[in-house]
Amino acid sequence: MARQTITIDPITRIEGHAKINLYLGENGHVEDAQFAVTQFRGFEKLCEGRPFSEMPSLMARICGICPVSHLIASAKACDALLGVRIPENAANLRRVLNLAQIIQSHALSFFHLSSPDFQFGMDYDPAQRNLFGLLSANPQLARDGVRLRQWGQQIIEWFAGKRIHPSWVVPGGVNEPLTEERRDQVLASIPEVMAIAVRTLDWFKGLMDGFPEEVRTFGNFPSLFMGLVNAEGGLEHYDGRLRITDASGRVIEDGFDPMQYSDYIGEAVEKFSYLKSPYYKKLGYPDGIYRVGPLARLNIADQCGTPKAAQEWAEFKALDRGAVLSSFYYHYARLIEIVHGIEVIERILTSPDILSKHVRAFAGPNNREGVGVSEAPRGTLMHHYRIDEQGLITWANLIIATGHNNLAMNKAVLQVAKHFVDGTHLQEGMLNRVEAVIRAFDPCLSCSTHADGSMALHVRLLDPAGEVVSEIKR
Amino acid sequence: MKKVLVLGYGNPLRGDDGVGPAVAWALQERLLTAEAQRAQRGRREGTESGGGDAAGDGILAQLASEHSGHKSQLSNTPESINSTSPDHCSNPLCAVSASSASSAPLRFQAYSEDSFRCKALHQLTPELAADIALADLVIFIDASCDNGPGEVASRRVVPESSPSSTSFSHQLTPEVLLAFAERLYGTCPEAVLLSVGAASFEYGEGLSAEVQAAVPVLLDRVQAACAALHS
């Protein structure tokens, strides 16, 4: 039997548009796999010639799902162009906004995109294994998902003026201080959302043992991990220093300057995808594979820094002797980060200076080049700009969180496909696992297009002549 | 008073796809103007109430800060922030909403921020189910490929009875969102979808002439739907 191809296009329940190609060998077993991003955005080019002060609002338009993340990384790059140290209170307000974004994004990923797989199992009838089925089977979980997401979105709206593409974060800080009423409204709601976060975490921990094969095969391999840590080496999402650890948990790079990221991170381009493939330069391509995001952040941190999350983090770290390697645990890490985020928001909002009116530093551009790095829900986000003497952008480079994970996602897809997919006898549950491992990474492919909401899974097994041998639709 | 929720959704960077948010912004400006008029009337009458203060912290004030915040992105100097006005806004949609608000008759004086909520959205997302469950009428506003350019159509929306496995993502249809509200909260309001035929979904801000001309029509349809609800 000649080589055959299985294409999963589009992948469902992810943010954006991508497809998976599975290449079968003569015995019908998977030989190779590709996770391909099929959209081209071109933001790095279209911003050239624009004033740098426009960059936060322009870059926020990259995505309707995580605009806040781009806003913050972009504003930090602009802070570097201004050469200012923004007021501490402004940094804290941005930190709250970033955590609210992470919480609402994690809630969407866990509750709305992935929890049907956990509630029903990977092989369950896809007609039921979706959010609508979840409403009947576990309405409390579905309502909790809505509430957590609503809470994160509400903070963004209250702080930043609007949920999608907010403009409150500006170069030099933020453009309005926090009001006492808003602070008190958020604080009053914290017990409710913390209860949701804790009971969801307990629910997930209770069912993880039911997925031993997925834990073993869902992107479970040695790799590097990268992310920000704070001055104490603890979990950090807004600022701090970049750290890389290896699979044993050993720190191999610590505190490298974001401006020097190109000394450490290379970017390869594959013909089959618009998504670049970053790698750790010292190990080369593709051996310099690393992962970012919730799993990586919990792996690289020395501690969590907040009481409830610290307890959960200790349990999480006990899963493996070195780094926790299975990408199935991205879900687990996501829930711990929600708990941590709520705790940090409470801590910041109860700090005495949070209502300070000093929230912005003013300056003209003092540097011709600036880099901003922050942690987005899916991992480390880097914005790098160069400007001319008029402050107009001459060059921009973005390394997005999903990009960092590109090599790892490809490897994870291959691992799952080799384990589960039998090309001679395709079953929906096999292909759902291939999709599910991608969903574990929660890739965001910047879906700015306004699709009709009818994304479908269509898998075809084709012979070399292009004849359809087998086909699954849903 | 019965509660109305307007959800104008679409991508303002994709030409006419931004008509939903454009109408929502125009409605927000009308509400702000109505609110300010009420406040002015209240002050004339020597009362403190007057239906609320547009400079306060209510929903309308949020909308005001959203709009003004949007305008203050252009520079990092205090002078540029203080000098922002609709004329200086870089977003052509602001011009649409401002002109629509100033020329259209104001018939929103009766509505408070509790009885009329209006959101400009990139897309429909699951947490909107909680807002929908609190409303008596939901008006969705979207661009359409099915109508001729600028042509406005209206249809009643009912909850999806049997969504497919692929109905749920980060963006939902009005039907699925209504079903979501019904299943989760046991209540589902009346709902209508106002759609306007798009001339272009190409990259770029601003509406085509045909769709821009339809904005006042859509505003009138919203007002008519509200009036019918309260008649």
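The axis of a helix is here a line fitted to its C-alpha atoms over the stretch in contact, and the angle between two axes is taken between their N-to-C directions, so it can run from 0 to 180 degrees. With that in mind, we can walk through this structure, which is a predicted model, beginning at a place where two chains meet.

The crossing in which H6(A) passes H6(B) is left-handed. On the side of H6(A), the residues that make the contact are A:Pro139, A:Ala142, A:Arg143 and A:Val146, while H6(B) contributes B:Phe180, B:Leu184 and B:Tyr185. Sorted by class, this contact of H6(A) with H6(B) holds 6 nonpolar residues and 1 charged residue, with no polar ones.

Chain A contains 15 helices and 16 strands, and of its 474 residues, 65% are buried. If we consider the contacts in chain A whose partners have a separation of 6 or more, 70% of them are between residues 24 or more positions apart. Chain B has 7 helices and 5 strands, and these elements, read from the N terminus on, follow the order β-α-α-α-α-β-α-β-β-α-β-α. Chain B has 231 residues, of which 55% are buried, and among its contacts between residues at least 6 apart in sequence, 80% join residues at least 24 apart.

Returning to chain A, we can follow one helix, H7, through two of its packing contacts. Helix H4 (residues 88-120) and helix H7 (residues 180-207) of chain A have axes that come within 11 Å and cross at roughly 35°, and H4(A) passes H7(A) in a left-handed crossing. From H4(A), the contact draws on A:Phe110, A:Phe111, A:Ser115, A:Phe118 and A:Gln119, and from H7(A) on A:Thr200, A:Trp203, A:Phe204 and A:Leu207. Of the residues in this contact of H4(A) with H7(A), 6 are nonpolar, 3 are polar and none is charged.

The second contact joins H7(A) to H11(A), and here the axes lie 12 Å apart at an angle of about 10°. Since angles under 35 degrees count as roughly parallel, H7(A) and H11(A) are therefore roughly parallel to each other. The residues that meet are A:Met194, A:Val198, A:Leu201 and A:Lys205 in H7(A) and A:Lys308, A:Glu312 and A:Glu315 in H11(A). In this contact of H7(A) with H11(A), 3 residues are nonpolar and 4 are charged, with no polar ones.

The aromatic residues are our next topic. A pair of aromatic rings is described by how far apart the centres are and by the angle of the planes. Over all chains, the structure holds 20 aromatic pairs. One of them is formed by A:Phe159 and A:Trp168, an edge-to-face pair with 5.8 Å from centre to centre and 85° between the planes, and both A:Phe159 and A:Trp168 are buried. Another edge-to-face pair consists of A:Phe218 and A:Phe328, at 6.0 Å centre to centre and with 75° between the planes. Because A:Phe218 lies in the loop between helix H8 (212-217) and strand S6 (224-229) of chain A, and A:Phe328 in the loop between helix H11 (307-317) and helix H12 (330-349) of chain A, this pair ties together parts that are 110 residues apart in sequence. A residue counts as buried under 20% relative accessible area, so A:Phe218, at 1% relative accessibility, is buried, and A:Phe328, at 0%, is buried as well. A:Phe218 and A:Phe328 also belong to one aromatic cluster, whose members include A:Phe110, A:Phe111, A:Phe118, A:Trp203 and A:Phe204.

Most peptide bonds are trans, but a cis peptide bond joins A:Tyr285 and A:Pro286, with omega at about 5°. A:Pro286 is placed in the loop between strand S10 (277-280) and strand S11 (290-291) of chain A. Elsewhere, A:Asn410 is found in helix H14 (residues 406-420) of chain A, and its relative accessibility of 12% means that A:Asn410 counts as buried. Between A:Asn410 and A:Gly284 there are 126 residues of separation in sequence and 17 Å in space, taken from C-alpha to C-alpha.

Notes: Residues numbered from 1 in each chain as written. Chains lettered and ligands numbered in written order. Predicted model: local features only at pLDDT ≥ 70, side-chain atom pairs only at ≥ 80, totals over all residues. Heavy atoms only, no water. Left-handed = near helix turned anticlockwise from the far one by under 90°. Helix = DSSP H or I, 4+ residues; strand = E, 2+ residues; numbered from the N terminus. Contact = heavy atoms within 4.5 Å. Nonpolar A, V, L, I, M, F, W, Y, C, P; charged D, E, K, R; others polar. Phe/Tyr/Trp six-rings, centres within 6.5 Å; stacked < 30°, edge-to-face > 60°. Buried < 20%, exposed > 50% of the residue type's maximum accessible area, 1.4 Å probe, protein only. Parallel < 35°, antiparallel > 145°, perpendicular 65-115°, else oblique.
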